[in-house]
Structures are given as C-alpha cells and as structure tokens.
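Please look at the sequence and structure below before reading on.

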Amino acid sequence: MVRPDTTWEKDNADFFPPEFVEQLTFSPVVFARILKPGRSVVRRFASRYYDAVNFGVLLYPENLLDASSESFATASCLDHTSFLPTPMYNPVTLGEEGNSFILKHNGKTIFEYGVATRGMIEEAIAEATRMVYIRTGDLIAIELEGRRPLCGRDVAKTHVTGSWCGNPILDFNIVF
C-alpha cells in the first residue's frame, strides 16, 4: 500500500475526522526511513537502504471500506491518518531485550509488541522495491496486525498514546 504525504502526521496533532467518517479502525506499524534510492533491492543488501526506525499507527475510516480495491485506496488517502512520529530511533533498538511498543486508548493498553526485527523491515524493502522505486526520505511501514476498531462518532473524544523503549512517541486526540 502507498499513502500520499498528506496522510502523514508527524507532530501528534489532534485528528478531526471529516463529517462522512463514522468509525475509525487502526493498525499498528513499525516503519523505517529510506536512506538512499533504489529498485529491486536484494534482501541481503536492504540494511544499506534505511537509517532510522520507529513505531506508529495508521487510521482507516472503516465506513468507506468495502470489497473493492478502490475503496481501500480512497480510505488510505484520508489526510492526517498516518501517525508516524519523529524523531526516529537507530535500527539497533529493534530486537533488543526489553524494548516494546505499547499503544494505549484512553489509558488502556490495546496493543503491545516487542519482537520487531530489522529482518522484517529488510524483507519489506526487498518486497516493495520489486514493484516501486524508493527515494531518499520515503517511509516504509509494516502493519503489525490487521485493522481493529478504535472509535466512532458515538464518542466525542478519544485519547491515543504510545511509547517505544519507554519513551513517549504518540500522544494525540481524535475529536469527532
């Protein structure tokens, strides 16, 4: 999946869904920043193509999704729905004992992940570059789990927080 730059929210600004969005789902991700351009990158050389990593969350307007591929593309293009925070971390933090990504919804843990590896990212780079050309500064995100319900219009405000290596990385509200 490719998302345009307009979906990227790196400053944790609050999200105000458009009036046609009834329900939001989320998918937690690990992502990497591309260091140099490339195409058809072989897996064993993929480590040379990224320099920083972090965790984040992608939001999807669930009521826009149906069985068609066009609906998924439309839903993936909604502005400010890719919460991919900066600053980013050195890739060596992946796979280190005790480092885990914790995502919370209104103070309650909804996702925890501690086994992300550089291999996951390198495999994703190799797979993506079979089809697309990557450029310096691009981000490649790997969904760690399928979409799950997050919130809807029935709740006026939702608070989402996340941490990695014990440091806060996500902190934003969704305000319907």
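Where is Asn-106 found? Asn-106 sits in the loop between β5 and β6 (108–113). Strands here are DSSP runs of E with at least two residues, and helices are runs of H or I with at least four residues, numbered from the N terminus.

The model is predicted: local features need pLDDT of at least 70, side-chain atom pairs count only at pLDDT 80 or more, and totals for chains, interfaces and linings use all residues. Residues are numbered from 1 along each chain as its sequence is written, and side-chain values use heavy atoms, with hydrogens and water left out.

**Backbone**

Most residues other than glycine have a negative phi, and most peptide bonds are trans. Asn-106 has a positive phi, near 50°, and Cys-165 has a positive phi near 55°. Cys-165 lies in the loop between β9 (157–164) and β10 (167–175). The peptide bond from Thr-86 to Pro-87 is cis, with omega near 0°. Pro-87 is placed in the loop between β4 (82–83) and β5 (101–105).

**Accessibility**

Buried means under 20% relative accessible area, exposed over 50%, and partly exposed in between (1.4 Å probe, protein chains only).

| Residue | Relative accessibility | Class |
|---|---|---|
| Asn-106 | 46% | partly exposed |
| Cys-165 | 23% | partly exposed |
| Cys-77 | 36% | partly exposed |
| Cys-151 | 8% | buried |

**Cysteines**

The whole structure has zero disulfides, a disulfide being a pair of cysteine sulfur atoms within 2.5 Å. For Cys-77, the closest cysteine sulfur is that of Cys-151, at 20 Å, which is too far for a bond. Cys-151 is likewise in no disulfide.
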